[in-house]
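Please read the following note beside the sequence and the model. It is written for a reader who is new to structural description.

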Amino acid sequence: MSAQPDHAPVPPYAPAPGAPAELLAQLRADRRADTWGPAFEQERTAVLEESRKTFSLAALYEVVQVWQARLASAPAVDAFLASGKDDAGFVDLEEIRRRRR
């Protein structure tokens with residue numbers, strides 16, 4: 001019997017050093033560049049300032065990961081919207097927020 005765990009721990013996510021610049025280039029090439037490019041740059045700037053204060057890149061890694069996922073899922077979202085499928089059954093979070101006020 002071994003005292004070793006039967007599974008390997010998952011290492012924390014850390015993007016490649018050039019990932020933010022590469023992601024920004026992809027966002028600028030996307031049809032949503034007018035909104036997504038500035039939004040990513042604003043978030044990136046904010047977390048870089050936070051990183052200078054906390055000496056942690058965790059927030060930057062999270063922003064990069066979220067934007068990578070957003071960019072990767074965009075074609076599926078576009079396809080769903082173009083299909084004309086009824087999405088009326090989904091929860092509208094903005095409507096829920098308005099009702100709570």
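Predicted model: local features only at pLDDT ≥ 70, side-chain atom pairs only at ≥ 80, totals over all residues.

1. Residues are numbered from 1 along each chain as its sequence is written, and side-chain values use heavy atoms, leaving out hydrogens and water.

2. The chain has 4 helices and 0 strands, where helices (H or I, at least four residues) and strands (E, at least two) are DSSP runs numbered from the N terminus. Of its 101 residues, 21% are buried, that is, under 20% relative accessible area with a 1.4 Å probe, protein chains only.

3. Helix α1 (residues 19–29) and helix α2 (residues 33–54) have axes, lines fitted to C-alpha atoms over the stretch in contact, that come within 8 Å and cross at roughly 160 degrees. Angles run from 0 to 180 degrees between N-to-C directions, and those over 145 count as roughly antiparallel; α1 and α2 are therefore roughly antiparallel to each other. Their contact (heavy atoms within 4.5 Å) involves, among others, L23 and L27 of α1 and W36 and F40 of α2.

4. The largest nonpolar core has 14 residues, of which L23, L27, W36, F40 and W67 touch the most other members. Such a core is a set of buried Ala, Val, Leu, Ile, Met, Phe, Trp, Tyr and Cys residues joined through side-chain atoms within 4.5 Å. Helix α3 (58–83) gives the most to this core, with 7 residues.

5. Leaving aside residues up to four places away in sequence, W36 touches L27, D30, W67, R70, L71 and A74.

Key. Buried < 20%, exposed > 50% of the residue type's maximum accessible area, 1.4 Å probe, protein only. Parallel < 35°, antiparallel > 145°, perpendicular 65-115°, else oblique.
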